[in-house]
Amino acid sequence: MKSVAHHEILNVEDGEIVFREGEDTTEMFVLREGQIEIVKNVAGHEVRLALLGRGSFFGEMSLLEGLPRSATARAVGPSSLLVLRPGSLLLQIRRDPTFAFELLQQMSRRIRELNDKLVFKVATAEFGNRLARSAFMMTAAGEFASSDRKAESAAT
Amino acid sequence: VKTTVREERLLVISDVHMGNRLLQTRRPFREFVQYALDHDYSICLNGDGIDLAQMSLSRLMSDLTPSLGLFPQFGQKGATIYYTVGNHDIALEHFLTDVGQMKVVPFLNVLSGDRRIRVEHGHMYDAMFLKFPRLYFAFMMIGRFAILVGPKAYDMMHRINLAIIGTTEWILARFGAGKTEDAGEAGDALAGERECFRKGAENIGVRGFDAVLFGHTHLPGSREFEHNVKYYNTGAWFSTPYCVAIDHGRIWFGSLPELLAQDPFALPKPEPRTTIATAKLEERFSGPWATTTPAAPARLARHSRW
């Protein structure tokens with residue numbers, strides 16, 4: 001890690017882990033060059049949550065909340081990162097007020113994407129329930145009709 | 001507010017100060033807008049486009065009206081007019097939305113080719129504006145009256161203002177009071193431009209920008225700062241206007257007369273347009289048989305039956 005003009009820069013190679021899920025570190029990062037993938041371990045399988053490009057922020061949840069990392073960040077190709085610690089985040093906001101604006105924009109976008117996913121999940125589950133209910137009703141109606149026909153044929 | 005946009009062709013100017021009595025370059029603004037239209041550029045007025053702080057309403061109308069008629073044509077061409085807010089039009093922060101063909105934004109992150117370019121007026125990095133906003137506003141109001149007296153009075157007041165700022169910063173630095181945690185090496189900023197703008201540009205650039213474009217200081221020029229960040233300042237329209245032209249990630253910086261004389265990124269001339277009917281005819285009567293092949297007359301005769 002090197003420091004250039006009061007900025008802490010971290011250069012990582014392809015496949016290098018920036019931080020691991022569950023780790024107790026609190027830096028956040030701004031991607032200056034390259035790409036970073038955010039992956040999470042779900043029931044023993046690695047799920048890619050996002051692929052971030054230049055200018056993206058990541059790791060801010062641990063910095064703001066002081067909680068362990070919720071996912072793993074890994075470099076895709078050689079990448080360069082600006083490292084921000086709790087103190088330097090405030091300094092960066094003082095030096096560059098638009099940074100705070102962009103941070104909020106990005107977090108707002110993530111909330112909207114999560115909302116969209118949630119709505120889709122709920123709608124799919126609801127649709128699944130309705131489909132099952134309709135299928136049940138149709139089956140029941142079909143059985144009722146066939147029993148009626150049987151009764152009619154028996155009568156004739 | 002959408003602040004990140006992809007624009008392959010963009011012209012950036014700053015500090016037009018429409019409505020200000022000192023503005024002498026009224027006609028070139030219309031020429032600039034017409035030029036952008038003719039050469040398929042979107043445009044960005046990088047702050048202080050309309051001088052709300054020191055304007056005369058009649059001057060504003062006479063400055064703006066000739067160009068207003070051209071603005072809708074940008075929409076027809078699929079181009080956009082961006083307006084980043086500056087300190088002389090800071091009231092426009094209340095209108096951070098689309099106004100007709102114009103998108104009013106606090107700053108702009110331009111994606112062009114594989115480049116990321118920040119376009120911002122730059123007043124948010126002016127130490128004087130941030131630390132002493134009331135004093136700054138008072139100077140602006142005094143400047144308004146100085147303009148009524150005449151350009152020389154305004155110029156003199158502006159120099160006094162700069163001298164006061166310079167002296168204050170020098171005295172504070174002697175006593176260590178002006179030193180901040182991010183004080184860097186002096187000397188590589190634009191000539192006449194204070195250090196705060198260089199630091200501002202570096203702090204933006206370190207976040208993954210290839211170039212940073214400011215206005216505000218009225219001092220045109222370009223430099224390369226830390227982290228290979230290119231810095232451009234497009235000056236003001238009180239003297240020779242400067243401009244940045246962006247084309248698929250390539251950046252050109254120069255004066256407006258230079259730009260108007262020759263497009264630095266001239267598009268290839270479009271081929272002569274053919275109508276659908278002529279294109280069909282050409283398609284029908286082109287091919288080996290249409291020229292010298294022996295079978296041509298027979299095939300033409302077959303076609304003629306249809």
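Predicted model: local features only at pLDDT ≥ 70, side-chain atom pairs only at ≥ 80, totals over all residues.
# Briefing on the two-chain model

Chain B contains 10 helices and 13 strands, while chain A is built from 3 helices and 7 strands.

- Read from the N terminus, the elements of chain A follow the order β-β-β-β-β-β-α-β-α-α.
- Of the 156 residues in chain A, 31% count as buried, whereas in chain B buried residues make up 47% of 306.
- Among contacts between residues at least 6 apart in sequence, 69% in chain A join residues at least 24 apart, and the corresponding figure for chain B is 64%.

**Salt bridges between the chains**

- Side chains of opposite charge can pair when their charged atoms come close.
- E102(A) forms a salt bridge with R118(B), in which the closest N and O atoms are 2.4 Å apart.
- Because E102(A) lies in helix 3 of chain A and R118(B) in strand 8 (residues 115-119) of chain B, this pair joins two chains.
- Both E102(A) and R118(B) are buried.
- The side chains of D96(A) and R207(B) also meet in a salt bridge, at 2.8 Å from N to O.
- A network of salt bridges links D96(A), E102(A), R118(B), E120(B) and R207(B).

**Salt bridges within chain B**

- Over all chains, the count comes to 23 salt bridges.
- R194(B) forms a salt bridge with D126(B), the closest N and O atoms being 3.0 Å apart.
- This pair links distant parts of the chain, 68 residues apart, with R194(B) in the loop between helix 6 (151-174) and helix 7 (195-205) and D126(B) in the loop between strand 8 and helix 4 (127-131) of chain B.
- R194(B) and D126(B) are both buried.
- E8(B) pairs with R6(B) in a salt bridge whose closest N and O atoms are 2.7 Å apart.
- E8(B) counts as partly exposed because its relative accessible area is 24%, and R6(B) is likewise partly exposed, at 48% relative accessibility.

**The nonpolar core and a buried serine**

- The largest nonpolar core has 34 residues, and those with the most contacts inside it are L11(B), F29(B), F32(B), I43(B) and L259(B).
- Helix 1 (residues 26-38) of chain B contributes the largest share of this core, 6 residues.
- Apart from its neighbours within four places in sequence, F32(B) is in contact with L11(B), I13(B), I43(B), W237(B), C243(B), L256(B), L259(B) and L260(B).
- S255(B) is placed in strand 13 (residues 250-255) of chain B, and S255(B) counts as buried because its relative accessible area is 9%.
- Leaving aside neighbours within four places in sequence, S255(B) is in contact with T240(B), P241(B) and Y242(B).

Methods. Residues numbered from 1 in each chain as written. Chains lettered and ligands numbered in written order. Heavy atoms only, no water. Salt bridge = Lys/Arg side-chain N within 4 Å of Asp/Glu carboxyl O. Core = buried A, V, L, I, M, F, W, Y, C linked by side-chain atoms within 4.5 Å. Buried < 20%, exposed > 50% of the residue type's maximum accessible area, 1.4 Å probe, protein only. Helix = DSSP H or I, 4+ residues; strand = E, 2+ residues; numbered from the N terminus. Contact = heavy atoms within 4.5 Å.
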